[in-house]
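Visitor: Before we go through the terms, please show me the model.

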Amino acid sequence: MNYLNVENISKSFGELVLFKNLSFSIHKDQKIAFVAKNGSGKTSILKMLAGKDTPDDGQIVARKGLRLAFLDQEPDLDPNLTLEETIFASDIPVLKIIEAYEQALKNPEDADAYQKAFEGMDRYNAWEFETQYQQTLSQLKLDDLSLKVNTLSGGQKKRLALAQALLSKPDILILDEPTNHLDLEMIEWLEEYFAKTQQTLFMVTHDRYFLERVCNEIIELDHGELHTYKGNYSYYLEKKEARIENQATEVGKAKQLFKKELEWMRRQPKARTTKSKSRIDDFSEIKSKAHQRRNDHTIELDINMERLGSKIIEFHKVSKAFKDKTILNEFEYTFKKGERIGIIGKNGTGKSTFLNLLTQSAQPDSGKVVLGETVKIGYYTQGGIKAKPNQKVIDVIKEFGEYIPLAKGRQINAQQLLEKFLFDRKKQWDFVEKLSGGEQKRLYLCTVLIQNPNVLILDEPTNDLDIVTLNVLEDFLMDFPGVLLVVSHDRYFMDKIVDHMFVFRGEGVVDDFPGNYSDFRAYDESQPKQIEVVEKVVDTKAEKQNEANKLDYNEQKEYKNLASKIRSLELDKTELEAKFHNPELSQDQISKLSEKLQVVIDTIEEKEMRWFELAEKLEG
């Protein structure tokens with residue numbers, strides 16, 4: 001079934017032409033990813049599909065009555081509302097059904113309006129909406145419905161906006177970088193949810209495992225032309241490589257880029273099952289595998305960085321806490337030459353604080369962090385670049401360095417580094433304020449790399465970068481000879497770059513795991529789940545009584561729906577009783593009405609008894 005057609009759309013900003021004469025369509029059950037370089041107009045296209053922007057030329061034709069939902073990169077939420085109020089202020093169709101039903105309850109004399117509203121509640125299963133939205137918020141780890149939006153983190157806001165989108169049950173769900181600001185656990189939940197559901201999707205994402213496991217079609221905008229690939233990410237890589245090979249005029253290094261990427265994908269294990277088949281307990285084997293991944297790479301940029309001494313960075317019994325929240329508890333570690341460490345953990349477990357301690361922009365509560373005399377840190381933060389007004393791209397990077405020295409007296413200068421990261425010579429003379437968000441992140445990355453650090457720290461470097469830039473960055477980092485620390489929610493990036501992991505578990509617990517992210521997930525899922533035993537002094541009899549009084553899930557659901565059903569039955573009773581006032585009723589009609597009325601009265605009594613029973617059990 002055809003949902004939507006995009007017909008010859010174009011968009012420009014002044015002299016900057018984003019795209020011209022693009023056409024494609026979206027059909028039911030398609031899960032489409034839109035792939036293009038930063039600055040190509042990906043977000044503009046998403047906003048046009050969502051009706052938040054219009055093309056300069058062409059048109060977008062949607063099926064009549066089509067429902068769309070748009071998850072923006074930065075959700076626009078009312079900061080003064082609570083989580084629950086935000087859901088009820090959303091444009092969710094079922095809320096109109098509930099509102100019509102509540103109005104009908106206030107005007108019981110209008111039997112037709114009530115009957116229509118009641119049927120609407122049944123048709124849309126609106127009786128269950130309260131349970132549905134609470135379940136959705138709970139799955140997204142938003143359990144406290146009284147929290148105000150202005151107190152939420154970026155990740156929590158993204159999850160709340162996602163809940164709004166899912167609850168609206170759209171025909172097409174449009175997603176702009178859905179995995180940004182989400183922690184790894186949430187990304188994997190979302191991936192599994194979309195992989196199973198029949199929801200039609202149109203998305204922009206840089207998360208290549210997400211593309212591999214969720215999408216069944218990829219549309220690529222490349223040099224102004226659209227190319228469609230009817231498959232997932234590895235299929236796209238294979239077919240793109242074939243397409244580039246068939247174009248004799250195509251740049252050779254672009255072919256190599258995708259060839260390497262395809263080789264990497266082919267080496268990866270298949271998507272993991274929900275439970276590991278066997279327990280993985282041979283750490284030395286995992287470590288050996290991790291180093292083998294590194295050894296497979298052929299060095300292309302032989303960077304001649306400043307020498308690292310024998311002392312690099314040492315943590316000696318470092319502790320750090322904020323009020324009652326422990327980040328580190330007597331953490332000890334000595335960094336070694338050539339280490340490539342990935343840092344993962346749920347949001348709020350202290351990953352960024354750890355980096356601030358390492359760079360000495362924050363101080364520990366106890367213990368000490370020692371930096372070697374030869375250490376030169378390059379730190380890519382989530383804050384981004386702070387360019388001066390009317391500053392050009394080339395001028396920004398030259399403030400930080402003119403070149404990176406290579407072996408044998410060679411060098412890569414600022415212009416060449418910018419070209420490597422996809423800024424052509426013309427683009428290098430553009431004003432920074434003209435760049436897209438992703439292009440600014442790319443420039444910021446270049447300013448960190450041109451300083452030629454020997455310890456490189458990257459805090460969420462993949463956010464807002466396109467896939468082509470990520471391939472370039474990965475190649476650069478594979479050649480980087482110094483110590484590398486990466487905080488990232490991009491599993492593919494972590495698998496490709498790091499050798500071992502710091503896993504922040506919370507409450508000051510940090511595990512050192514010898515392998516990449518997929519190794520860790522396979523190992524972690526194979527472990528028996530530990531049951532925490534908390535010693536409490538309790539009255540055993542009271543505890544058992546309390547347990548008996550607890551409602552299970554189905555009882556809670558039943559209890560919430562009973563009050564509404566009783567109200568609707570009372571209205572049915574009133575309506576039937578009113579019909580007895582008709583003097584023209586025959587004896588047979590009176591008998592039938594009496595039977596109906598008795599059934600309604602019996603049902604009301606039955607529902608009321610059950611309601612009282614559950615209420616008593618709940619109150620204990």
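**Terms and the values behind them**

Guide: The protein's secondary structure comes to 21 helices and 20 strands. The model is predicted, so local features need pLDDT of at least 70 and side-chain atom pairs count only at pLDDT 80 or more, while totals for chains, interfaces and linings use all residues. Residues are numbered from 1 along each chain as its sequence is written, and side-chain values use heavy atoms, with hydrogens and water left out.

Visitor: Why is Asn 180 called buried?

Guide: Buried means under 20% relative accessible area, exposed over 50%, and partly exposed in between (1.4 Å probe, protein chains only). Asn 180 has a relative accessible area of 3%, and therefore is buried. Asn 180 is found in the loop between strand 6 (172-176) and helix 7 (184-196). Leaving aside neighbours within four places in sequence, Asn 180 is in contact (heavy atoms within 4.5 Å) with Gln 73, Lys 158, His 206, Asn 463 and Asp 464.

Visitor: Which class does the relative accessible area of Lys 496 give, buried or exposed?

Guide: Buried, because the value for Lys 496 is 12%. Lys 496 lies in helix 17 (residues 491-497). Its contacts, with neighbours within four places in sequence set aside, are Glu 261, Trp 264, Asn 471, Glu 474 and Met 478. Across the protein, buried residues make up 48% of the 620 residues.

Visitor: What makes helix 12 mostly covered?

Guide: Six of the eight residues of helix 12 are buried: Lys 351, Thr 353, Phe 354, Leu 355, Leu 357 and Leu 358. Just after helix 12, Gln 360 takes a positive phi of about 65 degrees.

Visitor: What makes a set of residues a nonpolar core?

Guide: The members must be buried Ala, Val, Leu, Ile, Met, Phe, Trp, Tyr or Cys, joined through side-chain atoms within 4.5 Å. The largest such core has 75 residues, and Phe 335 is one of those with the most contacts inside it. Residues up to four places away in sequence not counted, Phe 335 touches Ile 312, Ile 313, Phe 315, Ile 341, Phe 354, Leu 358, Val 483, Leu 485 and Phe 502. Another core lies apart from it, with 60 residues, including Leu 77, Ile 187, Trp 264 and Tyr 492.

Visitor: How do you know that strand 1 and strand 2 pair?

Guide: Two strands pair if DSSP finds at least two bridges between them. Eight bridges join strand 1 (residues 2-13) to strand 2 (residues 16-27), and the two run antiparallel. Asn 5 stands opposite Ser 25 in strand 2, and the bridge partner of Ser 12 there is Val 17. The hairpin of these strands has two residues between them, and Gly 14 takes a positive phi near 65 degrees. Strand 1 also pairs with strand 4 (residues 57-62), antiparallel over five bridges; in strand 4, Val 61 is the partner of Asn 5.

Visitor: Why do strand 2 and strand 4 stand at the edges of their sheet?

Guide: The open sheet of three strands has the order 2-1-4, with antiparallel pairing. Strand 2 and strand 4 each have a single partner strand, so one side of each is left without a neighbour in the sheet.

Visitor: Which strands are the edges of the open sheet of six strands?

Guide: The order is 14-17-18-12-19-20, with mixed pairing. Strand 14 (377-380) and strand 20 (509-513) each have a single partner strand, so these two are the edges. Strand 17 pairs with strand 18 (residues 483-487) in the parallel sense over five bridges, and Leu 458 stands opposite Val 486 in strand 18.

Visitor: What describes the packing of helix 3 and helix 4?

Guide: Helix 3 (residues 93-106) and helix 4 (residues 111-123) pack at about 145 degrees, with axes 9 Å apart. Axes are lines fitted to C-alpha atoms, for helices over the stretch in contact, and angles run from 0 to 180 degrees between N-to-C directions. The contact residues divide into eleven nonpolar, one polar and no charged. Ala, Val, Leu, Ile, Met, Phe, Trp, Tyr, Cys and Pro count as nonpolar, Asp, Glu, Lys and Arg as charged, and the others, Gly among them, as polar. Gly 120 in helix 4 is among the contact residues, and Gly counts as polar.

Conventions
Helices (H or I, at least four residues) and strands (E, at least two) are DSSP runs, numbered from the N terminus.
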